[in-house]
Amino acid sequence: MSASASVIRVGTRGSALALAQTKAVAAKIAAASGSEVEIVTITTHGDTSTDSLASLGGTGVFASALREALLADECDLIVHSLKDLPTAPHPGLRIGAVPKRADARDALCARDGLTLATLPAGARVGTGSPRRVAQLRAARPDLEVVDIRGNVDTRLGRVADGDLDAVILAAAGLGRLGRLDAVTDLLDINDWPTAPGQGALAVEVREGRLERHLEAGLRSVEHVTTRASVDAERLVLAGLEAGCSAPIAASAIVDSDMLFLTATVYSPEGSAKITSSHAATPDSHAAAHLAESATDVAGRVVAELLGNGAAELAPLQGTKGT
Ligand SMILES: NCc1[nH]cc(CCC(=O)O)c1CC(=O)O
């Protein structure tokens, strides 16, 4: 495959969700850069294996094959779901752009139009995420939580088959796949906060100078308030030294002149939780001021969570789940 300057090679996982979101970002980059884009599908061990993520070495499994391909110059940029991306920066790589976030909420997809409140006692609800397990147990201790994994279509299929009564999925992923029809209850972000970075994407590139057309493409998809929000959320994970599968929710928004961050750490069984919220007032919406505010609010949230015992509440470094 050629590395001709006029073609931007965009690396992605091969799942339907990854392809849908990558194609959308690639189309914008193509338009702004005046270059053609070529989608390079990279099969990761996490895609082909049916083993549990824990046995594959944790949640970084999806990102690492893509990053190797980028470092090996098999592509010029890669598109990740930000919530699956480890918080530690990867040597030689940087986040070149964070596009505007989609809906950050979780969605219940249940049979017969059922909602979280109307699911009957004993209903079987599928999720593989420790955060969602804790939230489900807290909200509805009478439900049966079933550990599942697999792509979005597989998960929805288990409800269609009648094997499960409901699954919980990210609204953003369902939207990108054109499957919002399956949603029966959009869970309020205040009652049911979601994973750091949920609904957002990251465009990763090699460090160092980029060709002008690639720079122009990245600038066209960058969304500064999304970047500040997800930075704040991810700094909570990093500050707690938690993995992206820890039972932690974090949600930041920039509203007029304020950056608000709320984060919650759950006990695995959902019986206890610790929440902290702080706000900062950036001097302006310039990227540097927003970044400073993100660091500031995240530092205060992390200190408060740890001061209130968050590290004792949950296994923060656990690598199980998604
Ligand atoms: N861990 C899987 C994953 N990673 C990103 C998304 C979807 C959308 C997003 O948050 O960008 C999903 C599926 C899900 O949680 O339903």
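**Ground rules.** I count residues from 1 along each chain as its sequence is written. Since this is a predicted model, local features need pLDDT of at least 70 and side-chain atom pairs count only at pLDDT 80 or more, while totals for chains, interfaces and linings use all residues.

**Confidence.** I looked up pLDDT, the predictor's confidence in each residue, from 0 to 100. The chain averages 91, and 92% of the residues score at least 70. Residues 52–58 fall below 50, though beyond near neighbours in sequence this stretch still has 17 contacts in the model. I count a contact when two C-beta atoms, placed from the backbone, lie within 7 Å. Where pLDDT is low, the predicted coordinates should not be read in detail. For the complex, the predictor gives an ipTM of 0.95 and a pTM of 0.92.

**Domains.** The bounds come from an automatic or database domain assignment. I have domain 1 at 7–99 + 200–222, domain 2 at 106–186 and domain 3 at 232–313. Taken over C-alpha atoms, the centres of domains 1 and 2 are 28 Å apart. Five residues of domain 1 are in contact with six of domain 2.

**Helices α1 and α8.** Helices here are DSSP runs (H or I, at least four residues), numbered from the N terminus. I checked α1 (residues 16–33) against α8 (residues 212–221): their axes come within 8 Å and cross at roughly 125 degrees. The axes are lines fitted to C-alpha atoms over the stretch in contact, with angles from 0 to 180 degrees between N-to-C directions. On the α1 side I noted Val25, Lys28, Ile29, Ala32 and Ser33, and on the α8 side His213, Leu214, Ala216, Gly217, Ser220 and Val221.

Definitions and conventions
Helices (H or I, at least four residues) and strands (E, at least two) are DSSP runs, numbered from the N terminus.
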